[in-house]
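I opened this model today with a notebook beside me. Here is what I looked up, entry by entry.

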Amino acid sequence: MTAQPEIAVGTPQSRVDGRLKVTGRALYAADHPVDGVVYAAVVDSSVGRGRITDVDTSAALAQPGVLTVISHRNAPRLPYVDNPGSNNPPGTRLRVFQDDRVLFFGQPVAVAVATTLEAAQHAARLVEVSYAAEQPITDVTSAPANPPTTYARGDAETALGNAEVRLEMTYRPARNHHNPMEPHATIAQWDGGNLTVWDKTQWVVGGTQTELAAVFGIPQQSVRVISPFVGGAFGNGLRTWPHTTIAALAARETGRPVKLVLSRRQLYFGTGFRPAYDYRVRLASDRRGRLSAMSHDIRAETSSYEAFFEAVMAPGQMLYSMPNVRQAYSTVPLDVNTPIWMRGPGFATAAFVIESAMDELANELRIDPIELRLRNEPGEDPSSGLPFSTRRLRECYSVGAREFGWSRRNPRPGSTRDGDWLIGTGMAAAVYDTGGFPAQAHVRLHADGTALVQSATSDMGPGTYTSMPQIAADALGLTMRTVTFRLGDSIMPPTGPHGGSTTMASVGTAIQDGCDKVRRQAITLAVDDPRSPLHGVDPDDVIVRKGRMHVKNDPTRGETYQQLLTRNQRPHLEVIGTYAGAVHDRFSMFAYGAVFAEVAVDSRLGLVRVRRMLGVYDAGRIVNPKLADSQAIGGMVGGIGAALLEHTVTDPRDGRIVNANLADYLVPVNADIKDLRAIYLNGNDPEANPIGVKGLGEIVLVGIAPAIANAVFHATGRRIRDFPITADALL
């Protein structure tokens, strides 16, 4: 049938849930009113490794309102059935209260349940746990590593040995924590053998629902997960953490609905993090800057009980053209809790290393950093030989250079001052995988001309509640105000995880498919109906605008959905839209970007200030420019934090995180953020998915940190290879 005109897609719509959020009416996990709810408080281990020798709960149980204290001493055995379709990494997931082992500092070792939150918290403090402590291992640079995952193309060692120019550097990005506004929280309630949880999650069905079913050994259909709003997550809601199991266990043991909210401190110990890396890179080129080889030796922290991997190898295989590449990626088991994906996972870390190394090579060869990258642009994906679906990185460079004023840059480091401030500019390329998970969406067109669309996805902040109705409205030929979109309930059609810049590609495509099918149902019903003005018309000649079907070249001949369905006594038309997931066997599919930064460094104090930043992105079709800008600004702020502020500090004596609070774990504030701007190249990628999107949430963080690091070098002449870049490193 004739393609529908785009009315809503591509326009800067405001968030449809914005008023709910700013007025406090949006219900997050801990906000849902549940009759008879009681409260749980977790007792954390105070050693980083060892065994529990005693749990004294007598003082806690003597307190008014305390219902129970559960630990491994009295907890029932839980089945913990394997859950291969989940996001659990390889290994054995932490089994709460099932044995006396302590695997990391802050591990849940008991839970107190009481009729009030204050009573539960007080009881948790009164639980006395004794340990046989052992020395934890916490240093990623010195601990033994697991056997590496390797990749090789050509002969990197020979090429490095024969190179005209050879550089060798080691970079050490620090551990970062997600720190979303909403803490992790769960309310759990049993009704016989059925469990309902209100949970903070980025994967309603494949995450929380399947994991709780596996832990308790009950059918998946016996678990209902409700999660209509998520107050930020950045990746740490992509798996089900122990506190969710604890809430469900406590609810079953007490026979009462239980609410468990983690404290800000507990988020640092038990809900994952971006792992620290020790990343050695060697690169080779000729004097003209043509790369001949790059070797990567990568060490990343993981827990002692699970092996967490992320896509840190991908950029080194495909970002630049070179015949010889060698990679060895080893996870290093430490006495910490398991890492988890954090915005731009793998790619952000790899970009910091590769783009810093490219800047070092540019400085060594006295070649402009953009020109060096242009000389190494591949014509096809070097890792697979596949053509690119789109790769407009050259255009990103040229547009960015023009808009940023790159030509005015003095290339000599330390050459530009503004009083006591040293001024520098830097740039970096950005890349992120374009993917998509299988997804379904239920679409119902009502006889009153309104539509309801439902899918069990999440909205942690990118604007899912707004962008999905834009897709639906255009596909159905309705206005946005007549489309209602609901999400966050496991009784709705399933989707993949809400992460990895895949939600629009996956859920959006399923919605497009469902709405197209419903629209075709309506048009077919009309052209087959002798009473319809559209009777006998070729369905391909019918389009829909504002709920009215009409002949494309004769707008006077038509009728509304409401007229059609009412006359035919049809209360609604409905269908399940589907998306099978991304296929990468014909094209190499990535989003790209070029990031430019200007910094000022106080020559006496070493303080770094980001004065302005520009990102130019080849991200496919932009469904909502207003939401896109929100994503871009958020990603840039996150990159500024990683480059200059964020660093989890661990005490090696006991594995305790020293700065487990927002007073000591620094994140950017308004005073740190000046002029941030994003430009999106006009276009779409029809090979990536039917709606032409590439994903934006991750790419806007990738490349930010190295652009800042390169700008700091340009300002000061000092190359800092450990992140974050702190004042003491520049003094």
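I started at Asn 179, which I found in the loop between strand S8 (165-173) and strand S9 (185-191). Helices and strands here are DSSP runs, numbered from the N terminus: helices are H or I with at least four residues, strands are E with at least two. The model is predicted, so I noted the terms: local features need pLDDT of at least 70, side-chain atom pairs count only at pLDDT 80 or more, and totals for chains, interfaces and linings use all residues. Residues are numbered from 1 along each chain as its sequence is written, and side-chain values use heavy atoms, with hydrogens and water left out.

Asn 179 is not a glycine, yet has a positive phi of about 50 degrees. Is Asn 179 buried or exposed? Asn 179 is buried, at a relative accessible area of 16%. For this I used a 1.4 Å probe and protein chains only: buried is under 20% relative accessible area, exposed is over 50%, and partly exposed is in between.

Next I checked Lys 546, also not a glycine, with a positive phi of about 55 degrees. Lys 546 sits in the loop between strand S21 (542-545) and strand S22 (548-551) and counts as exposed, at 71% relative accessibility.

I also looked at the peptide bond between Phe 723 and Pro 724, which is cis with omega about 0 degrees. Pro 724 belongs to the loop between strand S28 (722-723) and helix H17 (727-730).

**Aromatic rings.** I counted 17 aromatic pairs, where rings of Phe, Tyr and Trp (its six-membered ring) pair if their centres lie within 6.5 Å; planes under 30 degrees apart are stacked, over 60 edge-to-face, and the rest tilted. Phe 105 and Phe 269 form a tilted pair, 5.4 Å centre to centre with 40 degrees between the planes. These two are 164 residues apart: Phe 105 is in the loop between strand S4 (101-102) and strand S5 (108-114), Phe 269 in helix H7 (residues 264-270). Phe 105 is buried at 7% relative accessible area, and Phe 269 is buried at 4%. I also noted a cluster in which ring pairs link Phe 347, Phe 388, Tyr 432, Phe 590 and Tyr 592.

**A four-stranded sheet.** I traced an open sheet of four strands with mixed pairing, in the order S20-S19-S18-S24; strands pair if DSSP finds at least two bridges between them. Strands S20 (483-487) and S24 (572-579) are at the edges with a single partner strand each, so one side of each has no neighbour in the sheet. S19 (residues 451-455) and S20 run parallel, joined by five bridges, and Val 453 stands opposite Phe 485 in S20.

Which strands does helix H13 (residues 503-527) lie across? H13 lies across S18, S19, S20 and S24, at about 145 degrees to S24. Axes are lines fitted to C-alpha atoms, for helices over the stretch in contact (heavy atoms within 4.5 Å), with angles from 0 to 180 degrees between N-to-C directions.

**Whole chain.** The C-alpha trace spans about 80 × 75 × 50 Å along its principal axes.
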